[in-house]
Amino acid sequence: MEKTPMESSSLEAPPPVTLSSSKRRRLRKKAAKIRKEYEAKIEENMKTVTPATNSGEKSREQIKAEREAKKAAKQAKTKSKEVVPPLEPKPTEVVAPKTVETVKEDTETVDKSREQIKAEREAKKLAKQASKSKGKAEPPQVEKVVESMATVSLSESDDKKKPTLSKAERRAIQEAQRAAKAAKAAPIKPTVTKAKPSPLKEKSLSPVKSEAKKVPRDCKIKLFSHLEYTKGNPNILLNGTLHPAIIQLGEQYSKRTIVGSNARYFAFLNAIKKVIQDYETPPNKEFSRSLEVAIKATVDHLHKCRPLPVSVMNGHKYVKYLITQLDESKPENELKEELCNDLEIYIDNQICKAAQAISKYIKIVDGDVILTFGCSSLIDYILKHAQSEGKVNFRVIVVDSRPFLEGQELLRKLVSYNINCTYVLINAVSFIMPEVTKVLLGAHALLSNGYVMARTGTAQVALVARSFNVPVLVCCETHKFTERFQTDAIVYNELGNPDDLVVSHTCKLSNWQSQHKLVPLNLNYDITPPELVTAVVTEVAVLPCTSVPVILRYRPTEIGY
């Protein structure tokens, strides 16, 4: 078989290159020349580098020697300053090498000079003070300084006799020196109080102590610092663009003249109607967009006055939904009338007709004992409707709690309806619960996870009712349903004024601001878990607590939330 040229090149090594003798000689000569040139360059570099390195080594040695000389000069200066006393300079003498005894003597002389300098400085200060005091001599202080100098000299002699001291002796000497300093400072105090700086110090210090007692502390606790706190009279900068009805409503919210989720909801929608009726669109702007901005400003103002309930927030969402459905081709007056009519229908459906539907779902039988907590407008309507029919006889137990005692208002209304009532405080719930057949509770909001947000104390009443196997019915309209969810009262709540917890001046909480570690906590709402609630009665149907998401999904287009 004959191999191809590619196979032969891949298998066999290439043939060696053969050079003639003349070419080899030339290459050798060139290599010799290159070597000689390279060696010559190396020698030249070595010659230029070696003197520089020698000079560099010499300079380093010189630098080290100069540094050592400077250090020695500094040490000599410091030693001369320490050894030579400032008042009695002595000529320097050549001294033999020091032993241990001479070193000890030098240290003692250094201590003497320092103590003498301190004593002389104190004497000069006292002399200056005596000259400033206009003839008021102070001989006792000078005598004390002299005595102290004498004691210093005696102590120095004692130190020479006893060079080594124990710890106890050193402590005793230190205490004696402190006592001597305190004795020196005692007679100087009256002279300092007469000087000008002292009244300034007293004036600057005294108000701080007095203000610490007078200025009220922050009523928030660290755990609840994220919660909003509303004062009775909030200082809010009012805008000139706000409607007078909104300003009045904000004052009523902040002063708690309008209380209750339904009452605040009804007042808000009526105020929005007035805003719409009196609104005038600015030039070059659309009615719907400018109106939406104005309503948002009013809602922000009301929220500053007091945090808005869920019902008001849902009402605001519905108003925005109505504004988006407006036909811009119509004139402005017709749009205003359309909005006001829609709001009236919405108020009638969500408050009046909803209460009528809920009252039909609740069945009250003869001999029923109904327990309710606080004051709920919906519970009031249900009981009034049951009494107006006149077919059944029932009794109502009104449970109330501080600080607002809202149950008293419900009690007055029920008595005016000729309903047999009993009024107790929340601490007596467990004693009266065995008589109860039904528990009707109002709600501030119903959360999407089934928890009920209501007035503080509602969860306690529901818990006691569950322990006695009494059914708990929560009466709540659908405009109080919200997509927010929480399992405790800390995530979202409203802080009340802690001064509302103070009953009278004789109460122990009357001076809580002066007590550093005492901060009263006044939460307006609590959270009741769905396990303690038998059912939720709405205008739609009697539902379990867990059906809140279904209602929110069922009515998004009609209500707008």
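A disulfide is a pair of cysteine sulfur atoms within 2.5 Å. The structure holds zero disulfides. The model is predicted: local features need pLDDT of at least 70, side-chain atom pairs count only at pLDDT 80 or more, and totals for chains, interfaces and linings use all residues. Residues are numbered from 1 along each chain as its sequence is written, and side-chain values use heavy atoms, without hydrogens and water.

**Cysteines**
- Cys-475 is in no disulfide; the nearest cysteine sulfur, that of Cys-476, is 8.9 Å away.
- Cys-475 is buried at 1% relative accessible area (buried is under 20%, exposed over 50%, partly exposed in between; 1.4 Å probe, protein chains only).
- Cys-375 is partly exposed, at 32%.

**Salt bridges**
- The count is 13, taking a side-chain nitrogen of Lys or Arg within 4 Å of a carboxyl oxygen of Asp or Glu.
- Arg-306 and Glu-494 meet at 2.8 Å, N to O.
- Arg-306 lies in the loop between helices H9 (287-305) and H10 (310-324) and Glu-494 in strand S9 (494-495), so the pair ties together parts 188 residues apart in sequence.
- Helices (H or I, at least four residues) and strands (E, at least two) are DSSP runs, numbered from the N terminus.
- Arg-306 is buried at 2%, and Glu-494 at 4%.
- Asp-368 and Lys-438 also form a salt bridge, at 2.8 Å, N to O; both are buried.
- Arg-256, Glu-406 and Arg-455 join in one network through shared partners.

**Sheet**
- Three strands form an open antiparallel sheet, ordered S6-S7-S10; strands pair if DSSP finds at least two bridges between them.
- S6 (445-446) and S10 (525-528) are the edge strands.
- Ala-445 has Met-453 in S7 as its bridge partner.
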